Amino acid sequence: MRRRLSRTLALPITAAVVALSAAPALADSTIPTTPIPQPKNPGQAPIAAPQGPQPLGHAVGDAAAALGVLRLLPNSVGTKSILPGYEQTLPKQSVLEAGMGLSSAQANSESYLSYERSIAQSSPLGLAVEGNAPQAPGSLVQTALPDNEKGISGGFTAPQNPLLNVGLLNGFVHARWSDTLGPCVGTIADARTSIASLSLLNAIPTLPNLPLSGLNGLPKLADGFDATKGLQSLGGLLPGAGQTASDGTGSLLSLPNTLSSRSVMQLVDLPNSKNKAVQSVSTMQAADIEILKGTPLELSLKVVSQPTLKVTSTGDKATSTVDYTAPVITIQRGDKVLYTLDAAHPTKDIPIGLPLQSLSQQFGPVENLPVVGGLFANAAGQVQQVTDTTGKVLDLGVLRLSIGELDQKGQQLSTPFAGYQLGASARMLDLQVLPTSGLKNLLPAGSASSLPSSLAQLSLGEQIGRAYTPTGGVVCGSTSPVAPVVNPAPGVPKKLAYTAGAYSAVPLFWVGTAMLLVGVLMVAAFPGRRRKPVAVKPSPRPRPE
C-alpha cells in the first residue's frame, strides 16, 4: 500500500515542480493538497473527529529545485483551468518544458490525508507538453505519516533523446512527521538530487529548417564561409541533428561535472520564544559550465560562489526574511576572463552572427564558423576578436546569459490559520536564444511572422521556497484527549423506563442454561434399559410359474 501511494504521488509532485519552476514566487496560494470531503446532504453526519492526542503546531511550506530546465517557445501557450474564466489570469506556458534533476520537500499540517503532511521527492526527469505532465520513471517519493526513521535512495539512467543527454542521476528522500508533535521533528522533509553530466541542445528546433542560402537578400559572406549550412544549426555552430553527445561536444550548453541540488523543510528556533519558525532552504552545487564545447569558440563558465535560497517565516511580516546568496559566474575562454556575472552585472548578451565580406577583407579568409561575441576563427584556426562588428557581422541571434532574478512575495493570511506566508524564487543561470530583427527581415514572410520572441531557454539551478507560519510561531506540543460528550436527539429520554420484561432477559438465560445442564447430568447418571431385539421372519419367496 505504501509503495502504491508513492507511485500515485509521483505524477502530481513532478508536475508541480515543473509548474513552480516556470512561475516565480508563487506566494499568493497555499500548497495544493487533497480537499476535505464534505457531506453530500446537509442532514448527513459530519466527519469523525481524530482520536487521541493531536499536535498543536501548524506549519506549511515547500522547497524545490531543478538542476536544469529546457523551455521551447516559452510564454506561447495558454494555461488551461477547470475553473471558468480563470484561464485568462494564469501566465502562459511553454510548448515543451523538460526538467532534469528535480527535488522537492513539502510540509503541510493542514492536509486532510495523513501521508500528505510531509513529502520528500527526487525525480530524475520531468516533462510537460503544453502544461500536461506525464509520469516520470525513476522517481523517489517518501511520505509521512507514518514517520520514517530512515530515508531512501536510488539511481536512474535517463533514456537517449536528441535534445539532451543526461548522465547518471542519484536521489535521496526523507520525510518525517510525528503523531503527537506534528512538524516538531527538526528536519521535516529532505530531498537531494545529483546529475553526473548534462548536455543540452545540438540544434534550435524552433528555427525554420532552411539553409542560409535560402534566406532573402543574404549579403555576400566572408571568404571561406559556407552558406549551405542550416539555420537550425546557427550557421554550422551546432551539429544540427543526431543524438546529443554525452561529453557535451557540439552542444549549446553542457556540464561535464556533477551538479547537485538539495531542498529542505525544517523548523528553526524563534528568538526569545519557545515556539518555532518555518524555514525553506534550497541549495545548489555546480562546477564548470561549457558553452559551444568542441568548437574554437568554446566558452567556460566558472561558478565561483554557490547560490542558496533560504525563506524563513516567523508568523510576523516584520521578522520574516528571505536570504539569497547570488552566484558569481565568470565567463572565460581558456584562462582569460571575458565577462563576470554578479549582482552588479547580472546580464550579458553574446551575439551570434555570420561573417561578411568586409571581415575577410580586413582579416583574411575565415574558418567555416559564425562569429560569437566578436570572436571568430581565421583560416589557420586561430581565434581573433573584432571589437566593432558593424558592417562586418550579420547577427542571427543573441545568447543572453543572466543570473539571480530573485523574486519574492509575501502576504498575511487568515485561513486555514492566521499567519504570514512568504515565498521567493531564483535562478542560478538563464541562457536564452533570442532572434534579431535582422534575422526576421531575412526569413520568408510566413516564417518571419511565426518567429517567437524567444527561440529557446535553458535554466540551470532554479530554486523556489515558501514558508507559512502561524502568528507567534509554531507551538510544539499536543492536545489532551477529552471524552466526547454525546447530546441526545430531541424527544429521546435520557433513561429508558423500567419494565418487567426489559431487564429479565439475562436472568432467564442463566436459569435456562442451568436447567439444561441438570438434564444432561440426569440422562448420563440414569441410563434407560436396553430393549430386546425383535426377530423378523423372512418373507416367502414367490414360486415360479
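Predicted model: local features only at pLDDT ≥ 70, side-chain atom pairs only at ≥ 80, totals over all residues.
Residues are numbered from 1 along each chain as its sequence is written, and side-chain values use heavy atoms, with hydrogens and water left out.

Back to the cysteines. The link of Cys184 and Cys476 is left-handed, with -90° about the S-S bond. What does the pair tie together? Cys184 sits in the loop between strand 7 (168-175) and strand 8 (187-195), and Cys476 in the loop between strand 25 (456-470) and helix 5 (505-525), so the pair ties together parts that are 292 residues apart in sequence. Helices here (H or I, at least four residues) and strands (E, at least two) are DSSP runs, numbered from the N terminus.

Are the two cysteines buried or exposed? Cys184 counts as buried at 17% relative accessibility, while Cys476 at 36% counts as partly exposed. The cut-offs are under 20% relative accessible area for buried, over 50% for exposed, and partly exposed in between, using a 1.4 Å probe and protein chains only.

Now the backbone. Most residues other than glycine have a negative phi, and most peptide bonds are trans. With that in mind, look at Leu145, in the loop between strand 4 (140-144) and strand 5 (152-157). A cis peptide bond joins Ala144 and Leu145, with omega about 10°, and a cis peptide bond also joins Leu145 and Pro146, with omega about -5°.

Then there's positive phi. Asn272 has a phi of about 60° although it is not a glycine; you'll find Asn272 in the loop between strand 11 and strand 12 (276-285), and at 87% relative accessibility it counts as exposed. Leu292 has a positive phi too, near 55°. Leu292 is in the loop between strand 13 (288-291) and strand 14 (299-305), and it is buried, with a relative accessible area of 1%.

Last stop, Pro256, in the loop between strand 10 (253-255) and strand 11 (259-269). Pro256 counts as partly exposed at 34% relative accessibility. Which residues does Pro256 contact, leaving aside neighbours within four places in sequence? They are Ala196, Ser197, Asp288, Glu290 and Lys293, where contact means heavy atoms within 4.5 Å.

How values were computed
Disulfide = S-S within 2.5 Å.
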